[in-house]
Every structure is written in C-alpha cells, then in structure tokens.
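Please read it alongside the sequence and the coordinates.

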Amino acid sequence: MASSNITLVAGSPGAGKTTWISQFLTDQSQDLFYLCPGMGRDSVDLVRIGYRFPWVSVIPENQAQTVLAGLPRQAQVYLELGFHLDLASPLLATLPCQRVAVLPPSLNQSEWHDWADEVIPGNDIQDAGRDPLPELWRSPLTGQVFDPPSLDELLIELTGGAYGKVMRLKGIFEMPDGRAFHIDFVQGLPGIEYTELNLPRWLQGRPNRFSGLEVVGHHLEQETISKTLLASCLADDVLAQYQHQYQRLHPDEETKEVFSI
Amino acid sequence: MKLAVISCIHGNYEALNAVLSDIDAQKADQIYCLGDLVGYGPYPNAVVEMIRSLDIPTCQGCWDEDIVEGLNACECSYPSQLAETRGRLAHEWTNSVIHPEVREYLATLPMTLKLDNLCFVHGSPSSQHEYLLPSMDGFAALERVLSADADVLFCGHTHVPYVRDLEDAALSVNVQQPDQTESPKQFQVALRQIVNVGSVGEPRHGRPNATYVLYDTDTAQVTLREVPYDYAKTCLAILEQGLPPIFAWRLARGMEFAERADDPTHVCER
C-alpha cells in the first residue's frame with residue numbers, strides 16, 4: 001500500500017471535488033480506484049464515476065478496508081470526502097496520503113485550509129460554512145421511473161427553495177424512454193445541469209440499476225420531498241405503455257444490465 | 001367608453017379587491033370578466049359573490065366549467081402528472097366548499113360575450129380550454145378572431161398578458177369543383193386584434209402582481225395594468241384552508257399554481 005498514491009479530496013459542497021478528481025480518471029494505463037467514504041454502498045458520485053470511467057474500480061464503503069489493504073503497486077487512489085466527515089478522524093489521519101481541498105476561491109480561512117497539503121480553487125460559490133452543519137438527505141430510487149415534466153417541476157421547486165434551502169443537489173433519474181440522466185445543481189451556479197448517462201435504454205419493466213437523489217441544505221422538508229418525488233413517478237401501467245411505444249420506435253435496441261457494484 | 005377587462009381570478013379575493021380599486025381609480029365605465037372565478041385559490045365563494053354583486057358581465061372559464069360539469073376533460077389539461085395531482089386536489093377542495101347558489105351561477109355563465117365589434121372569451125371562441133398563445137400560427141389566430149365575428153378578441157387563460165395585431169391578412173383560395181373550372185378567390189382582412197388580459201389571481205409573468213387590461217372603445221387604445229397586492233394574505237389563506245402549501249410558494253413567485261398544458265393549442269375533447 002505504501003507504494004500506492006492515495007489522494008484524499010475534501011471541500012465544501014459544490015466546490016467541484018468530483019470534477020477535479022475526474023480529470024485524473026481518464027488515464028486507462030493506470031490502476032485507478034475511487035472511494036466515497038461515509039456514503040454507504042451506493043452514492044450518486046460513486047455510481048456516476050463507474051458509468052463514466054468503467055476502467056476505474058469504484059469501491060463501496062463496506063469493501064474499502066479490504067481493497068485499501070491489498071492495493072496493487074502504483075495504484076492511484078482517490079478518496080472523496082463528503083463535507084459531513086470529520087477530517088480529524090483516526091482512520092483518515094493514519095492514511096499515508098496527499099490531502100487536497102477543493103474550495104471556493106473567496107474562502108481564505110477554514111478547517112480545510114488547515115488540513116490540506118494543497119488547496120485547489122474550485123467553483124466560485126458562497127461557502128455556507130459548517131455551523132450549523134448542513135443536512136444531507138439521500139433517497140435511493142432504484143426502479144422508479146419519472147414523468148419528465150413532473151421531474152422538471154419538482155427540481156425547479158426544490159432548487160428554488162420550496163422545500164427548504166438547497167445548497168447542493170445531485171441525482172440519477174430514469175426516464176420512460178429508457179434513458180437515465182445525471183442531474184446536478186449547485187447553489188450560486190446558474191441552472192440545473194442535465195447529462196445523459198451512456199447506458200443502454202431500459203425498456204423492459206422497472207430498471208434494475210441504481211438511481212437516487214442526494215440533497216444538501218438546511219431545513220429540508222424531507223417528508224414533503226419524498227411525497228412529491230413519488231407523485232412524480234410513473235405507475236406500472238403507465239410505464240408499460242411508454243415502454244411499449246418506445247420499443248416500437250427503437251425495435252433494434254436491447255436492454256442489458258451493464259454495471260453493478 | 002373605457003372598459004376594464006379582467007380574467008382568471010381563481011379564488012384570490014385579495015387580488016380581486018386590489019384590481020377593483022385600481023379600476024375605480026382609472027375611472028373605467030364598464031368591467032368585463034373572462035371567467036375562471038374559482039379554482040386553486042382559497043376564496044371561491046367570496047370572489048363569485050363580489051362579481052355578482054357588481055353585476056359584472058362574465059364568461060365561463062374552464063375551472064368554472066369543471067365545477068359545474070365535473071372533471072371530465074381529456075388528458076390535455078395538465079402538462080405533468082404532478083400538475084394533474086395538484087389540480088385534482090384543488091378541484092376537489094373547491095368542489096367541497098362551493099355554495100350551491102354559486103355553482104348554479106357558474107352554470108349560467110355564457111361561453112362568449114359581445115359588445116359591438118368586441119368579443120370576450122375565456123380561452124378561445126372554440127373552447128374555454130384552448131390557449132391563444134402569442135406564438136400561435138397567424139392564420140389560426142386570425143381564424144379564431146373571425147369566427148367570433150369581431151375586430152378585437154379579448155381572452156385570458158394563459159395568465160400572461162399580451163396584445164397581438166393581425167394586420168394585412170390576404171387569403172387566396174382556389175376552389176375546384178367537379179366539372180367546373182378552377183375559381184380563384186381573394187380575401188382581404190382588415191386589422192384584427194387579440195388582447196390577452198392576463199390574470200388577476202394567478203399570474204404567470206414572473207411577478208406576483210395581478211394584471212388586467214383597460215380598453216378605450218373610442219381610440220382602441222389598450223393599456224396593460226399590473227397591480228401589486230398583499231399576496232402574503234392569500235398565501236396565508238391557502239395554508240389555513242389546507243390547500244397544498246406549494247400553491248402559496250408558487251403564487252408568491254408569479255409561477256402560477258401549475259404549469260401550462262404541454263400542447264397549449266390542443267382543443268380539449270370532452
């Protein structure tokens with residue numbers, strides 16, 4: 001493990017940690033590993049990195065210790081640390097690693113500055129600070145398929161503050177035409193970014209691949225968000241009707257399961 | 001004569017009061033109302049009682065029709081599943097609180113009203129549910145005005161006010177009948193106008209202010225009016241009445257309670 005290069009990346013929500021890491025994941029000649037400690041088995045970032053860079057080993061939290069103990073020589077490892085993790089935790093303190101903080105350029109003093117070996121200027125957003133610590137609310141949605149205009153409306157309301165103050169939102173959502181989209185919002189940056197994921201269309205029943213929503217903010221009305229999410233999802237019969245139509249439009253496309261972690 | 005034309009009040013009594021005060025200050029001689037007195041907002045009965053007490057000539061809007069006929073529109077009415085769910089909640093709430101005499105009054109409202117060369121409708125002369133958007137094809141827009149046998153067609157329903165001039169319309173038609181030679185016909189249509197008066201109680205122009213229109217029948221001058229009002233009171237009433245809180249959030253931002261239908265030119269087939 002000592003010969004591996006481990007980089008811990010921390011920073012405020014929306015500063016651009018995943019974006020910064022992504023630039024190093026294009027090199028297919030190396031053994032690349034990506035971990036998101038504290039985010040459980042599935043997280044939007046973990047899954048999206050896996051889809052975007054299939055040659056990268058994305059490691060679920062429950063396998064982290066085993067994988068870190070048996071890393072191949074010269075492996076490049078990136079650990080993305082959520083804002084909610086304690087930077088002084090013993091586990092992080094004992095790792096032989098490079099510490100990088102991706103922070104808004106306007107932030108000059110923070111515990112990330114004290115912790116990091118290197119500070120990278122990220123998105124020019126207002127840092128909301130950690131006092132009080134923002135809430136992190138996650139909702140796995142695997143199998144749910146959304147009515148697209150309902151999802152648009154929900155995202156406008158969510159990011160506009162209808163259900164609490166949202167600083168950061170990211171998610172993977174399934175559409176009735178079988179496509180899946182990554183959705184990204186950072187308070188202070190313009191608009192909501194929609195990126196189609198490079199996956200086969202899922203046109204046979206409910207998608208058996210990860211989708212979900214992660215929201216960081218304050219005073220989040222979690223129950224209302226959950227109800228509104230569900231009200232935006234398609235019922236079985238409606239989904240079947242859509243899928244039947246798209247199958248007729250795309251008769252040559254096959255559904256296949258492409259990724260699992 | 002100075003006319004004030006209002007529309008789409010949607011149970012927003014505060015907004016209606018503010019607009020009536022503004023109309024009074026503008027010294028309008030006559031008020032016309034293009035319907036949607038009820039639906040979404042917290043004071044459907046009070047709004048109707050106010051309109052009736054002032055004896056304002058009023059057309060029937062799509063929400064008024066739904067309260068009379070029940071929800072029997074085709075899928076066109078809502079752009080999304082979410083909007084439909086919320087619309088149904090609003091309809092059920094309105095339906096449960098509406099007074100019998102108010103329902104009877106809504107049933108008596110006509111589809112169109114005429115005053116000389118002016119016609120007043122909620123959506124279009126074809127349907128309360130049809131949206132006459134400013135981007136609508138010019139020929140189709142002209143057809144709607146001509147079908148109403150009017151020079152100026154006043155409408156609402158979109159909740160965004162605009163004035164559209166339809167000028168210098170020339171139509172050429174070739175009529176071919178069996179065993180007869182083709183016969184060309186030319187039509188020239190003088191200036192026609194569509195005036196959308198916006199919405200009193202449920203604006204969609206990005207600000208919470210109520211909108212309506214003043215029209216001078218002598219000069220044909222159209223004046224779009226935007227009237228601030230205490231929308232926070234309406235928002236509070238929405239919450240107190242148990243209507244979905246998201247309605248209050250959207251109203252305060254001029255976002256309307258639900259978005260416009262996906263295919264706005266579609267004419268509902270009941």
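1. What does the accessible surface of chain B come to, and what percentage of it belongs to carbon and sulfur atoms? The surface comes to about 11600 Å², and carbon and sulfur atoms hold 48% of it. Accessible areas come from the Shrake-Rupley method with a 1.4 Å probe, and for residues only the protein chains shown count as cover.

2. Conventions. This is a predicted model, in which local features need pLDDT of at least 70 and side-chain atom pairs count only at pLDDT 80 or more, while totals for chains, interfaces and linings use all residues. Residues are numbered from 1 along each chain as its sequence is written, chains are lettered from A and ligands numbered from 1 in the order in which they are written, and side-chain values use heavy atoms, with hydrogens and water left out.

3. Chain A, overall. Chain A contains 8 helices and 11 strands; helices (H or I, at least four residues) and strands (E, at least two) are DSSP runs, numbered from the N terminus. Its radius of gyration is 19 Å, close to the 18 Å that the globule rule gives for 261 residues, so chain A is as compact as a globular protein of that length. The radius is taken over C-alpha atoms, and the rule is 2.2 Å times the number of residues to the power 0.38. The C-alpha trace of chain A spans about 55 × 40 × 25 Å along its principal axes.

4. Chain B, overall. Chain B also comes to 8 helices and 11 strands. With 270 residues, a compact globule would have a radius of gyration near 18 Å, and the 19 Å of chain B agrees. Along the principal axes, the C-alpha atoms of chain B fill a box of roughly 70 × 40 × 35 Å.

5. In chain A, 51% of the 261 residues count as buried; in chain B, 53% of the 270 residues do. Buried means under 20% relative accessible area, exposed over 50%, and partly exposed in between (1.4 Å probe, protein chains only). Of the contacts in chain A with a separation of 6 or more, 71% are between residues 24 or more positions apart. For chain B, 75% of the contacts between residues at least 6 apart in sequence join residues at least 24 apart. Contact means heavy atoms within 4.5 Å.

6. Charge. Chain A carries 18 positive and 33 negative side chains, with the centres of the two sets 3 Å apart. In chain B there are 19 positive and 38 negative charges, and their mean positions are 4 Å apart. Lys and Arg count as positive and Asp and Glu as negative, with His and the chain ends not counted; each charge is placed at NZ of Lys, CZ of Arg, CG of Asp or CD of Glu.

7. Cores. Which residues touch the most other members of the largest nonpolar core? They are B:I6, B:L37 and B:I51, in a core of 68 residues. Helix α1 (residues 13-25) of chain B gives the largest share of this core, 6 residues. A second, separate core of 25 residues includes A:L8, A:L68, A:L71 and A:L95. A nonpolar core is a set of buried Ala, Val, Leu, Ile, Met, Phe, Trp, Tyr and Cys residues joined through side-chain atoms within 4.5 Å. Beyond four places in sequence, B:L37 touches residues including B:I9, B:V47, B:I51, B:Y105 and B:L106.

8. A buried glutamate. A:E157 lies in helix α6 (residues 148-160) of chain A and is buried, with a relative accessible area of 0%. Leaving aside neighbours within four places in sequence, A:E157 contacts A:A162 and A:Y163, and from chain B it contacts B:R86, B:I246, B:W249 and B:R250.

9. Backbone angles to check. Most residues other than glycine have a negative phi. B:D55, not a glycine, has a positive phi of about 55 degrees; B:D55 sits in the loop between α2 (44-53) and α3 (62-69) of chain B and is exposed at 64% relative accessibility. B:A220 has a positive phi near 60 degrees. B:A220 lies in the loop between β10 (210-216) and β11 (222-227) of chain B and is partly exposed at 37% relative accessibility.
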